[in-house]
Amino acid sequence: MELEQALHAARALVLADLMANDVADAAIVSLVEDAVTHRRWWVEQWPDGAPFVAGLIAQDVQDALLERYGRWPLCPVCTESGDPHALGVEPELGPDPHWVCPKTAVAVAPVGRLGAPAEG
């Protein structure tokens, strides 16, 4: 049951980020479902990896979007550079994943909190 809770929580976090960027249409939600299905097998094989599944699903969805639609989510830090680029997920395999600008190493938001007011 704990594995399913981790998967459902990860799904909700990624969907929240997609909705914050207004890109959660039916086709994109299907990409999330595909990523959850894929990671279900992975976390069943390695239950200790459950805390890492949110970051992995975020990366899976990001990769699928890149192949079909383009970069997501775009970096809000480097808007003046004229070189739009996507945020990355850090750590790549670890708990507490964040969206991070790969050029400046600025942590923009935890996965699931894009577009949310800054904490502090």
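**Strand pairing and helix packing**

In strand β3, residue A109 is the one that W99 stands opposite. The model is a predicted one, in which local features require a pLDDT of at least 70 and side-chain atom pairs are counted only at pLDDT 80 or more, whereas totals for chains, interfaces and linings draw on all residues. Residues are numbered from 1 along each chain as its sequence is written, and side-chain values rest on heavy atoms, with hydrogens and water left out.

Strands are here DSSP runs of E with at least two residues, and helices are runs of H or I with at least four, both numbered from the N terminus; two strands are taken to pair if DSSP finds at least two bridges between them. Together the 3 strands form an open sheet with the order β1-β2-β3 and antiparallel pairing. Its edge strands, each of which pairs on one side only, are β1 (88-90) and β3 (107-110), and from one strand to the next the twist averages 35 degrees. In the hairpin of β2 and β3, where 6 residues lie between the strands, A105 adopts a positive phi near 65 degrees.

Helix α1 (residues 2-20) packs against helix α2 (residues 26-45) at an angle of about 150 degrees, with the two axes 10 Å apart. This angle makes α1 roughly antiparallel to α2. Axes are lines fitted to C-alpha atoms, for helices over the stretch in contact, and angles between N-to-C directions run from 0 to 180 degrees; those under 35 degrees count as roughly parallel, those over 145 as roughly antiparallel, those from 65 to 115 as roughly perpendicular, and the rest as oblique. On the α1 side the contact (heavy atoms within 4.5 Å) is made by L3, E4, L7, R11, V14, L15 and L18, and on the α2 side by I28, V29, V32, E33, V36, R39, R40, V43 and E44. Sorted by class, the contact of α1 with α2 contains 10 nonpolar, no polar and 6 charged residues, where Ala, Val, Leu, Ile, Met, Phe, Trp, Tyr, Cys and Pro count as nonpolar, Asp, Glu, Lys and Arg as charged, and the others, including Gly, as polar.

The whole structure holds 4 salt bridges, each defined by a side-chain nitrogen of Lys or Arg within 4 Å of a carboxyl oxygen of Asp or Glu. One of them joins the side chains of E4 and R40, with an N to O distance of 2.8 Å. This pair links distant parts of the chain, as E4 belongs to helix α1 and R40 to helix α2, 36 residues apart.

The axes of α1 and helix α3 (residues 53-68) come within 9 Å and cross at roughly 45 degrees. Such an angle makes α1 oblique to α3, and the crossing in which α1 passes α3 is right-handed. Here A6, L7, A10, L13, V14 and L18 of α1 meet V53, A54, I57, A58, V61 and L65 of α3, so that, by class, this contact comprises 12 nonpolar, no polar and no charged residues.

Between α2 and α3, the axes come within 9 Å and the crossing angle is roughly 135 degrees. That value makes α2 oblique to α3, and α2 passes α3 in a right-handed crossing. The residues that meet are I28, L31, V32, A35, V36, H38, R39 and W42 in α2 and V53, L56, I57, D60, V61, A64, L65 and R68 in α3; this contact divides into 12 nonpolar, 1 polar and 3 charged residues.

Some backbone features of the loops remain to be described. Most residues other than glycine have a negative phi, and most peptide bonds are trans. D22, found in the loop between α1 and α2, has a positive phi of about 55 degrees although it is not a glycine. A cis peptide bond, with omega about -15 degrees, joins W72 and P73, and P73 is placed in the loop between α3 and β1. E90 and P91 are also joined by a cis peptide bond, with omega about -5 degrees, and P91 is placed in the loop between β1 and β2.

Methods: A crossing is left-handed if the near helix is turned anticlockwise from the far one by less than a right angle, and right-handed if clockwise.
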